[in-house]
Amino acid sequence: DEAQLSRVLAKTAQASHPLRGIFHSAVVIDDGALLGLRPESLHRVVAPKVLGALHLHRLTATQELDYFVSYSSAASALSNPGQSSYCAANAFLESLAESRVSQGQPALSIGWGSWAKIGRAAMWAELQQRLAARGLPSLSPEEGWAALARLLESGSTSCCPIVTGFDVETWLQATNGARATLL
(Lines give C-alpha, C1' and ligand atoms only; values in the text may rest on other atoms or scores of the structure.)
Protein backbone atom coordinates (compact mmCIF):
# COMPACT_ATOMS: atom_id res chain seq x y z
CA ASP A 1 0.00 0.00 0.00
CA GLU A 2 1.89 3.03 -1.29
CA ALA A 3 -0.04 5.58 0.80
CA GLN A 4 0.52 3.65 4.02
CA LEU A 5 4.20 3.17 3.22
CA SER A 6 4.51 6.88 2.49
CA ARG A 7 3.07 7.69 5.94
CA VAL A 8 5.49 5.28 7.65
CA LEU A 9 8.45 6.76 5.81
CA ALA A 10 7.33 10.29 6.68
CA LYS A 11 7.30 9.32 10.38
CA THR A 12 10.70 7.70 9.98
CA ALA A 13 12.07 10.92 8.47
CA GLN A 14 11.07 12.77 11.67
CA ALA A 15 12.87 10.28 13.93
CA SER A 16 16.21 11.12 15.52
CA HIS A 17 17.93 8.38 13.52
CA PRO A 18 17.60 8.49 9.73
CA LEU A 19 16.56 5.49 7.68
CA ARG A 20 19.79 3.87 6.49
CA GLY A 21 18.61 0.64 4.94
CA ILE A 22 15.72 -1.34 3.53
CA PHE A 23 15.12 -5.07 3.49
CA HIS A 24 12.21 -6.10 1.28
CA SER A 25 11.03 -9.64 1.86
CA ALA A 26 7.66 -10.63 0.49
CA VAL A 27 6.40 -14.00 -0.64
CA VAL A 28 3.12 -15.44 -1.80
CA ILE A 29 3.07 -18.91 -3.32
CA ASP A 30 0.27 -19.94 -5.66
CA ASP A 31 1.73 -22.71 -7.80
CA GLY A 32 0.17 -24.02 -10.95
CA ALA A 33 0.84 -24.86 -14.56
CA LEU A 34 1.44 -21.90 -16.86
CA LEU A 35 -1.42 -22.88 -19.17
CA GLY A 36 -3.84 -22.73 -16.23
CA LEU A 37 -2.57 -19.41 -14.89
CA ARG A 38 -5.38 -17.07 -13.85
CA PRO A 39 -4.91 -13.28 -13.73
CA GLU A 40 -5.91 -13.12 -10.05
CA SER A 41 -3.34 -15.80 -9.19
CA LEU A 42 -0.63 -13.93 -11.10
CA HIS A 43 -1.49 -10.67 -9.32
CA ARG A 44 -1.60 -12.33 -5.88
CA VAL A 45 1.96 -13.64 -6.35
CA VAL A 46 3.52 -10.72 -8.22
CA ALA A 47 2.03 -7.69 -6.45
CA PRO A 48 3.74 -8.00 -3.03
CA LYS A 49 7.20 -8.34 -4.56
CA VAL A 50 6.87 -6.01 -7.54
CA LEU A 51 4.67 -3.25 -6.13
CA GLY A 52 6.33 -3.41 -2.72
CA ALA A 53 9.78 -3.00 -4.26
CA LEU A 54 8.63 -0.24 -6.62
CA HIS A 55 7.00 1.72 -3.82
CA LEU A 56 10.10 1.39 -1.65
CA HIS A 57 12.33 2.39 -4.56
CA ARG A 58 10.29 5.45 -5.53
CA LEU A 59 9.57 6.68 -2.02
CA THR A 60 13.21 6.48 -0.91
CA ALA A 61 14.84 7.59 -4.19
CA THR A 62 16.19 10.82 -2.67
CA GLN A 63 17.34 9.29 0.62
CA GLU A 64 20.92 8.32 1.25
CA LEU A 65 20.67 4.61 2.03
CA ASP A 66 23.43 2.19 2.94
CA TYR A 67 21.33 -0.83 1.90
CA PHE A 68 18.44 -1.62 -0.36
CA VAL A 69 18.15 -5.39 -0.12
CA SER A 70 15.42 -7.40 -1.75
CA TYR A 71 14.88 -11.06 -1.07
CA SER A 72 14.52 -12.78 -4.38
CA SER A 73 14.61 -16.52 -4.93
CA ALA A 74 16.95 -19.00 -6.51
CA ALA A 75 13.82 -20.04 -8.43
CA SER A 76 14.29 -17.09 -10.78
CA ALA A 77 17.48 -18.70 -12.11
CA LEU A 78 16.80 -22.38 -11.46
CA SER A 79 13.10 -22.30 -12.41
CA ASN A 80 10.88 -24.37 -10.19
CA PRO A 81 8.15 -26.18 -12.12
CA GLY A 82 4.74 -24.56 -11.60
CA GLN A 83 6.16 -21.28 -10.30
CA SER A 84 6.13 -19.03 -13.38
CA SER A 85 4.51 -16.12 -11.50
CA TYR A 86 6.92 -16.46 -8.60
CA CYS A 87 9.93 -16.70 -10.94
CA ALA A 88 8.78 -13.60 -12.86
CA ALA A 89 8.29 -11.58 -9.66
CA ASN A 90 11.77 -12.48 -8.47
CA ALA A 91 13.31 -11.71 -11.86
CA PHE A 92 11.74 -8.24 -11.54
CA LEU A 93 13.48 -7.70 -8.19
CA GLU A 94 16.79 -8.56 -9.81
CA SER A 95 16.14 -6.17 -12.70
CA LEU A 96 15.24 -3.38 -10.28
CA ALA A 97 18.47 -4.00 -8.35
CA GLU A 98 20.50 -3.82 -11.57
CA SER A 99 18.74 -0.58 -12.50
CA ARG A 100 19.44 0.95 -9.07
CA VAL A 101 23.12 0.01 -9.22
CA SER A 102 23.42 1.49 -12.72
CA GLN A 103 22.04 4.76 -11.26
CA GLY A 104 24.60 4.75 -8.43
CA GLN A 105 22.08 3.66 -5.78
CA PRO A 106 22.67 0.77 -3.39
CA ALA A 107 20.94 -2.46 -4.28
CA LEU A 108 21.33 -6.13 -3.60
CA SER A 109 18.79 -8.71 -4.68
CA ILE A 110 19.62 -12.06 -3.09
CA GLY A 111 18.27 -15.20 -4.76
CA TRP A 112 17.69 -17.31 -1.68
CA GLY A 113 17.24 -21.04 -1.71
CA SER A 114 14.99 -22.54 0.93
CA TRP A 115 15.94 -22.25 4.58
CA ALA A 116 15.48 -25.05 7.09
CA LYS A 117 13.55 -24.33 10.28
CA ILE A 118 12.59 -20.71 9.43
CA GLY A 119 10.97 -18.93 6.53
CA ARG A 120 8.13 -19.76 4.20
CA ALA A 121 9.60 -22.95 2.73
CA ALA A 122 10.26 -24.35 6.22
CA MET A 123 6.50 -24.69 6.70
CA TRP A 124 6.30 -27.20 3.85
CA ALA A 125 8.35 -30.35 4.48
CA GLU A 126 7.15 -31.72 1.14
CA LEU A 127 8.58 -28.70 -0.71
CA GLN A 128 11.93 -29.03 1.06
CA GLN A 129 12.05 -32.74 0.20
CA ARG A 130 11.20 -32.01 -3.44
CA LEU A 131 13.93 -29.35 -3.66
CA ALA A 132 16.50 -31.63 -2.00
CA ALA A 133 15.61 -34.37 -4.51
CA ARG A 134 16.46 -31.84 -7.26
CA GLY A 135 19.85 -31.10 -5.66
CA LEU A 136 18.77 -28.00 -3.73
CA PRO A 137 18.94 -28.88 -0.03
CA SER A 138 17.81 -26.28 2.49
CA LEU A 139 20.25 -23.88 4.12
CA SER A 140 20.54 -23.97 7.87
CA PRO A 141 19.66 -20.64 9.50
CA GLU A 142 23.32 -20.30 10.48
CA GLU A 143 24.43 -20.73 6.85
CA GLY A 144 21.85 -18.20 5.66
CA TRP A 145 22.71 -15.56 8.24
CA ALA A 146 26.43 -16.03 7.61
CA ALA A 147 25.90 -15.60 3.86
CA LEU A 148 23.84 -12.46 4.42
CA ALA A 149 26.52 -11.01 6.69
CA ARG A 150 29.24 -11.73 4.11
CA LEU A 151 27.23 -10.08 1.34
CA LEU A 152 26.50 -6.97 3.42
CA GLU A 153 30.05 -6.69 4.73
CA SER A 154 31.51 -7.04 1.24
CA GLY A 155 29.59 -4.00 0.01
CA SER A 156 28.81 -6.11 -3.02
CA THR A 157 27.50 -4.31 -6.07
CA SER A 158 26.87 -7.65 -7.70
CA CYS A 159 23.12 -7.23 -7.70
CA CYS A 160 21.93 -10.75 -7.75
CA PRO A 161 23.91 -13.47 -6.00
CA ILE A 162 22.21 -16.83 -5.50
CA VAL A 163 22.57 -18.35 -2.05
CA THR A 164 21.34 -21.92 -1.90
CA GLY A 165 22.38 -25.39 -0.96
CA PHE A 166 23.56 -27.14 -4.10
CA ASP A 167 24.34 -30.80 -4.68
CA VAL A 168 25.78 -30.89 -8.20
CA GLU A 169 25.48 -34.65 -8.79
CA THR A 170 21.85 -34.78 -7.63
CA TRP A 171 21.06 -31.67 -9.72
CA LEU A 172 22.58 -33.22 -12.85
CA GLN A 173 20.66 -36.47 -12.35
CA ALA A 174 17.39 -34.69 -11.62
CA THR A 175 17.54 -32.18 -14.46
CA ASN A 176 18.47 -34.42 -17.42
CA GLY A 177 20.87 -32.49 -19.58
CA ALA A 178 21.63 -29.58 -17.28
CA ARG A 179 25.29 -30.61 -17.50
CA ALA A 180 25.66 -28.75 -20.78
CA THR A 181 24.43 -25.49 -19.25
CA LEU A 182 26.27 -25.80 -15.94
CA LEU A 183 29.70 -26.97 -17.10
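## Basis of the model

The model is predicted, so local features need pLDDT of at least 70 and side-chain atom pairs count only at pLDDT 80 or more, while totals for chains, interfaces and linings use all residues. Residues are numbered from 1 along each chain as its sequence is written, and side-chain values use heavy atoms, with hydrogens and water left out.

## The setting of H57

H57 lies in helix α2, residues 39-59 (helices are DSSP runs of H or I with at least four residues, and strands are runs of E with at least two, numbered from the N terminus). With a relative accessible area of 14%, H57 is buried (buried is under 20%, exposed over 50%, partly exposed in between, with a 1.4 Å probe and protein chains only).

Beyond its neighbours within four places in sequence, H57 is in contact with F68, L96, R100, Q103 and Q105 (contact means heavy atoms within 4.5 Å).

## Salt bridges

The whole structure holds 2 salt bridges (a side-chain nitrogen of Lys or Arg within 4 Å of a carboxyl oxygen of Asp or Glu). Side chains of opposite charge can pair when their charged atoms come close.

E2 is partly exposed at 33% relative accessibility, and R58 is partly exposed at 45%.

R20 and D66 also meet through their side chains in a salt bridge, at 2.9 Å, N to O. R20 is partly exposed at 32%, and D66 is partly exposed at 43%.
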